[in-house]
Amino acid sequence: MGKSKKPPFSGRQCLQEASAIINYFDKFFILKRKSSTNETFHSVSPFLVEKAISGYLGEIPSIRKLRSGDLLVEVSSQMQAQIIIKLNNLASIPVTVTPHPSLNISKGVVSCGELLNTSIEEIADKLKSQRVTHVRRISMRKGKQLLDTKHLVLTFHGSKIPESIKAGYMKLAVRHYFPNPLRCFQCQRFGHSKASCRGTLTCARCAEAGHDSSDCKASEKCVNCFSKLIWCENEINESNEYLSQR
């Protein structure tokens, strides 16, 4: 039999966990050109960009040019993250560097009835050491009342959620958070907001164009299902017409 392993001292595991949390770093950064004429990286040689970034950081997982012309850079170590955030120039090109606003965070859901009467502020403060940056309680509507539930949406500093967290003496499993689909309140379609809508004002109640739903008393109809039904009918009619001509 081999030598028995000594268990860690009482504080060792806590120190290891704390170290892992402290060493967590942003992995995705946006490099933007500083230019009085709004120049972007569209006009810069990709060979020059790769050579300059490799010279500063060494080998990194990826560099990608965004539609805006800015660069999205992924790093693989805390040292690379510390170097890139301090960059002011890239091969004599003035730049600004900022962490990506959404790729460096992730959201998960935990459920705990014991936390139902605990304030969001206290929960957020107690979970701060576990990379939790924001806490939101999920509510449900019952009649005219908005009731709190035991489900909490946690925002983590990091692109991956942990398998579990500790809330006091309780270990809570963390599930992936799937937000409600983005819906436009102008055309009632999914996938974009009213601010970026190019469609026609459509009633959310009757699916007819040209008015909103505030004073509409027509029978209810889903605009997305209604449009799909019309598309299917048109396809069927075209197919029937084609078959009749054969």
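User: In what order do the 4 strands of the open sheet come, and what is the pairing?

Analyst: The order is 7-8-6-11, and the pairing is antiparallel. The model is a predicted one: local features need pLDDT of at least 70, side-chain atom pairs count only at pLDDT 80 or more, and totals for chains, interfaces and linings use all residues. Residues are numbered from 1 along each chain as its sequence is written, and side-chain values use heavy atoms, with hydrogens and water left out. As for terms, strands (E, at least two residues) and helices (H or I, at least four) are DSSP runs numbered from the N terminus. Two strands pair if DSSP finds at least two bridges between them.

User: Over how many bridges do strand 7 and strand 8 pair?

Analyst: Strand 7 and strand 8, the latter being residues 145-157, pair over 9 bridges in the antiparallel sense. Among the partners, R141 is bridged to L146 in strand 8, and V132 stands opposite F156 in strand 8. The hairpin of these strands has 2 residues between them, and G143 takes a positive phi near 70° there.

User: What about the open sheet of 5 strands: what is its order?

Analyst: That sheet has the order 2-3-1-5-4, again with antiparallel pairing. Its edge strands, each pairing on one side only, are strand 2 (62-65) and strand 4 (89-90). Strand 1 (residues 28-33) and strand 3 (residues 71-74) run antiparallel and are joined by 4 bridges. One of the pairs is I30 with L72 in strand 3.

User: Now the loops. Where is N104, and is N104 buried or exposed?

Analyst: N104 is in the loop between strand 5 (93-99) and strand 6 (105-111). N104 counts as buried because its relative accessibility is 5%; buried means under 20% relative accessible area, exposed over 50%, and partly exposed in between, with a 1.4 Å probe and protein chains only. The C-alpha atoms of N104 and S159 are separated by 5.0 Å, although these residues are 55 residues apart along the chain.

User: And where does S76 lie?

Analyst: S76 lies in the loop between strand 3 and helix 3 (78-84). With a relative accessible area of 45%, S76 is partly exposed. Its C-alpha atom is separated by 9.3 Å from that of D26, which is 50 residues apart from S76 along the chain.

User: Let us change topic. How many salt bridges does a search of the whole structure find?

Analyst: The search finds 4 salt bridges, where a salt bridge is a side-chain nitrogen of Lys or Arg within 4 Å of a carboxyl oxygen of Asp or Glu. One of them joins E39 and R33, with the closest N and O atoms 3.4 Å apart. E39 is partly exposed at 39% relative accessibility, whereas R33 is buried at 16%.

User: Which residue forms a salt bridge with E220?

Analyst: R205 does, and the closest N and O atoms are 3.4 Å apart. The pair links distant parts of the chain: both E220 and R205 are in the loop between strand 11 and helix 5 (223-244), 15 residues apart. E220 counts as exposed at 64%, and R205 as partly exposed at 29%.

User: How many disulfides does the structure hold?

Analyst: It holds 0 disulfides, a disulfide being a pair of cysteine sulfur atoms within 2.5 Å. C184 is in no disulfide, and the nearest cysteine sulfur, that of C197, is 3.5 Å away. C184 is buried, with a relative accessible area of 0%.

User: Which residues does the UniProt annotation "domain: CCHC-type" cover?

Analyst: According to the unreviewed UniProt entry, the annotation covers residues 183-199 and 202-218. UniProt positions are given in the numbering used here, feature names are shortened, and annotations may be inferred rather than shown by experiment. In the model, residues 183-199 are 0% helix and 0% strand, with end C-alpha atoms 13 Å apart. Residues 202-218 are likewise 0% helix and 0% strand, and their end C-alpha atoms are 13 Å apart.
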